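Here is a friendly briefing to read alongside the model. Keep the structure open as you go through the points.

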Amino acid sequence: MITDLLSCYPLLTVLTFWPLLAALILSPVKNERTIRLVTMAAALIELVLAIPLLGFESRAGFQFEELIAWAPEWKLNYHLGVDGLSILMIWLSILTLPMCVLCSWTYIGRRVKEFHICLLLMTMACVGVFSALDTVLFYVFWEALLIPMYLMIAIWGSDDRRYASIKFFLYTLAGSTLLLVAIVALRITGGTFSIPELMTTEFSYGFQYWIFLAFFIAFAIKVPMFPFHTWLPAAHVQAPSAGSVILAAVLLKMGTYGFLRFSIPMAPVASTDFAPMMIAISVASILYGGAVALGQQDIKKLIAYSSVAHMGFVTLGIFLFSLDGVNGAIFQMLNHGIITGALFMMVGAVYERSHSREIVKNMGLGKYLPAFMFFWGLFGLASFGFPGTNGFVGEFMVILAAFRANTTLGLLVIPGALLSAAYILKVTLKMAWGQPASPASGGSWRDLKKKEWAYLALPAVLVVWLGLAPGGVLGLIEPSVEDTLKTFHQRNGRVDLVQVTSPAGRPEGLIIEENILPEPTVTTTEPAAAEPAETEMEK
Amino acid sequence: MTVIESGKVLWPIVITFLAPLAVLLTGRNQNLREGVSIIAGTLTAIFVLCLAPAVLQGIIFRYELFHIRPGLTVAFAADGLGFIFAFIAPFLWIFATSYNIGYMRSLKEHAQTRYYFCFAVAIFGAVGVALAANVFTLYLFYEIISVFTYPLVAHHQDEEGFMGAKKYMVYLMGTSKLFLLPAMILTYVLAGTLDFSLGDIKNGMFSAQVISDHPNLVRLTYVLFIAGLAKAALMPFHNWLPSAMVAPTPVSALLHAVAVVKAGVFSVSRIILSGFGTETMTSLGLSLPTAYLAAFTIVAASLIALTKDDIKARLAYSTVSQLSYVIIGVALAAPAAVQGGLLHIGHHAFSKITLFFGAGAIYVASHLKSIKMMNGLGRRMPWTFGAFGLASLSMIGMPPVCGFVSKWYLVNGALDQGQLILLVALLLSTILNAGYFVPIFYRAFFLAPAEGVNLEGYREAPLTMVIPLVFTSLVSVTLGLFPQLFHAFIKAFGSF
């Protein structure tokens, strides 16, 4: 009975369009407090509506699929679904919304209604991007996100908001134009807009080459990878807290998700050929982001540059094409969303007290705001991969994959881990211990309010829970990752247009048989890597 | 050796985990807060002692608390080696707390709740390191110690304190991120597991296949481990320890003579014996270079100690030197040497804490730090200086104090291996030790007061300080007279 009801419940459509409906409900409301309450209620209802999503099974392939013909003459479909690659991102998008509402409660004081409508529209677009299984639909949501984000920076941002918002808009628009080109090219060559179909289509090497480059520019800007990152610090610093949180927690993930969903399945051979470049850029992002973060005086800018470094770990993991690497990358996407999102909310909280984001204006908080410093310390530790936190698990898996691929590569990444410890400890110790700029003002600041406790408690619990028992969450993504990689390696072995005897992306190095994916040969049927995953699931 | 899954090994961890929280909750009432520390120390020591019968029979209790990834778990196990450290840390915590009460209240130190909280967390870390059943758990608790001892080092919150604490953080966190993390990951890649080979000190975690296929990678892993465990203060990563002396003296006593530095040498011992194994050490040629580096550290640190006039600085360099006794013994991989090294973990702890307690008592009583100014002070503070003298004898390695026993084994081991240079280093350090400890004692009892120092006003520090330091010095003697107390556990740990 219940399963029957559930089977006709269009879960993903509801999750995508409920925020839109809520935005419509919101439009006649006048009272500011009511607006906040209604948005909060909508966010909580969204969470309730998402309960069936807990039934996501730990297996490869799409679930909760919905397929309706949209414009049959162009083979356009309204097609939604989730698999292991996207499930965590959907959860992240849904969970971010209530926290954004709470952290904007006192932060946003003008044009309150418009602000909350922007928030709701962004949530709609985020869920839509991660559940769309049709390239056009994907593109629609992708672009739909751009405008509310632009508005958020341009209207509710700080002093330099015009510059930052236009830079953000131009960069991402440049990327999405190429994405559109790639989608059209895929339609012409592959004959369909359907992502699952495109994922199983084999394209010629020349086509893969160009399509990979188009995707690369689009997604690399979004991630952002060095040297396409310059829009990010500007946008983060100027955006209001909630904007930064969505930007860090969800928007950046769209880029890495794009690599996983488009580049690797649709252009596997080109991905392999470009992997050395991708790995080099990832390592550059890790080291550059970390080094620049170390020199920042503005807390928000520091966190923004740390994002560049952390996302470098994600792209590195993806382009190692190993189970640990990609699993770690997806897990790190979730971690970065939780940790950096929380850190941005905390920067907002401290800004509300000191009206400054400079480190020197926010020193010596340990004495006046002990609870604040506790949370900051926890997220800081997680951010630099302290053992026992979720940041460690993701970073460990990616570095592990790097070492397995090549010891030198592994050793190259390690300074990145050191840098992240250095900048986080630097800012944390100064904030906790430094001599306050004006002790009198520090003394009058109040420690965390109830709302702040509310929006920090959830990420704090997740940090520890995912750090000590990530098995359940990793179990959700593993089958899909395994399946994607299996196809990827098989396709790499099959395409005859290029020499694939020694793919460039898999440098000769240390290989331990039982833990590595099979070499890309056609004969392999049962990948050895399936075993640890299965035992993991049984537990 | 039998390994049994049992939650018994978890109790010390649970108690030391709850203790800091209890300290925070009772922070308002100082008697209650400090009482909590003493009770927690006692309880932990008792629960560790409860493990003794099984440990002595060669039974290892093991418990897996969190399963993070296959091969990456938070797991605890109690064997002979772990037992010794897991017992010493909370046991000495009891006396350090009593001492703390005298020290902190006499000097009216600020932020005492934070201080006791961090102190308790550091003990939690030390017990965790002691009972860690795999590299990851060891790494986890090792890092917890680093982070939570920072506020203790920076306690005075002045320029000097921040500089010392900064150096502390840079050395400890820098080496652990730069070397220890890749070492752990390489171990995972090469050995496929992070679990120590408990109960077998000959063959470590690496299979013969891996060692013959990738000898250089295993060597690299080893070097990364040794460089990453900077808490062992092996040169050139020793400099944080003298800088950490800006901390209040009880911190220097318990943490920088026992918990923190012992976590360092304990980890080195654990990695060498349960991670690599004595046979791997010898076959890959890792044994002698480590021992020579340790020998160099022993002599060089002793020479530096000679030049220091500040009593805590002299003790700090003495610690750097004595820690390498442990490493030299373990690295030599000969049965006698290993036993000597491991015995020294326990013996040095009791003697060195006495010395630091003494230094703190002198400071509280007279506000003197410079050794030159302490002439004649012994007659005013006979108990303190008497205990200090006994502990000095232990450092020098004179019978009947316990330092003699470990040195005896170490010299034996060096002779067994035919390592004359190491033997010379050990003997030279004995002379140097005498060179920097005897003058303190001599000045205190036999010289006339220094100019400008009026001894009349000085008397012994509060009883809460004097009792612990006399007690620990007596334990040093007891351990010298009955060396089998610790030796039994070491015999149970490895088949010598």
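The expected span of a helix is 1.5 Å times one less than its number of residues. Helix α14 of chain B (residues 311–332) shows this well: its 22 residues reach 32 Å from first C-alpha to last, close to the 32 Å expected at 1.5 Å a residue. Please bear in mind that this is a predicted model.

**Chain A overall**

- Chain A contains 22 helices and two strands.
- It has 539 residues, and 57% of them count as buried.
- If you take the contacts in chain A between residues at least 6 apart in sequence, 80% join residues that are at least 24 apart.

**Two helix pairs in chain A**

- Two packed helices are described by the angle between their axes and the distance between the axes.
- In chain A, helix α13 (residues 299–318) packs against helix α14 (residues 323–354) at an angle of about 170°, and their axes are 8 Å apart.
- Angles over 145 degrees count as roughly antiparallel, so α13(A) and α14(A) are roughly antiparallel to each other.
- On the α13(A) side, the residues that meet α14(A) include A:Ile303, A:Phe313 and A:Val314. Among their counterparts on α14(A) are A:Met333, A:Leu343 and A:Phe344.
- By class, the contact of α13(A) with α14(A) has twelve nonpolar residues, eight polar and one charged.
- The second pair in chain A is helix α17 (residues 390–405) and helix α20 (residues 450–468), whose axes come within 6 Å and cross at roughly 45°.
- α17(A) and α20(A) are therefore oblique to each other.
- α17(A) brings A:Asn390, A:Phe392 and A:Val393 to this contact, while α20(A) brings A:Leu462, A:Val463, A:Leu466 and A:Gly467.
- Five of the residues in the contact of α17(A) with α20(A) are nonpolar and two are polar, with no charged residues.

**Where the chains touch**

- The contact draws 29 residues from chain A and 24 residues from chain B.
- On the chain B side, the elements giving two or more residues are β2 (59–69), α6 (135–153) and α7 (159–191).
- α7(B) gives the most to that side, with eleven residues.
- The chain B side divides into 18 nonpolar, four polar and two charged residues.

**The largest nonpolar core**

- In soluble globular proteins, nonpolar side chains tend to be buried together.
- The largest nonpolar core here has 402 residues, and the members touching the most others are B:Ala89, B:Leu92, B:Ile327 and B:Ile328.
- α7(B) gives the most to this core, with 18 residues.
- Leaving out residues up to four places away in sequence, B:Ala89 touches B:Ile123, B:Ala126, B:Val127, B:Ala130, B:Val258 and B:Ala259.

**A closer look at chain B**

- α14(B) is mostly covered, with 21 of its 22 residues buried.
- Setting aside neighbours within four places in sequence, B:Ala425 is in contact with B:Ala295, B:Ile298 and B:Val299.
- B:Ala294 lies 131 residues from B:Ala425 along the chain, and their C-alpha atoms are separated by 9.6 Å.

Key:
Residues numbered from 1 in each chain as written. Chains lettered and ligands numbered in written order. Predicted model: local features only at pLDDT ≥ 70, side-chain atom pairs only at ≥ 80, totals over all residues. Contact = placed C-beta atoms within 7 Å. Helix = DSSP H or I, 4+ residues; strand = E, 2+ residues; numbered from the N terminus. Nonpolar A, V, L, I, M, F, W, Y, C, P; charged D, E, K, R; others polar. Axes fitted to C-alpha atoms, helices over the stretch in contact; angles between N-to-C directions. Parallel < 35°, antiparallel > 145°, perpendicular 65-115°, else oblique. Core = buried A, V, L, I, M, F, W, Y, C linked by C-beta atoms within 7 Å. Buried ≥ 20, exposed ≤ 12 C-beta atoms within 10 Å, placed from the backbone.
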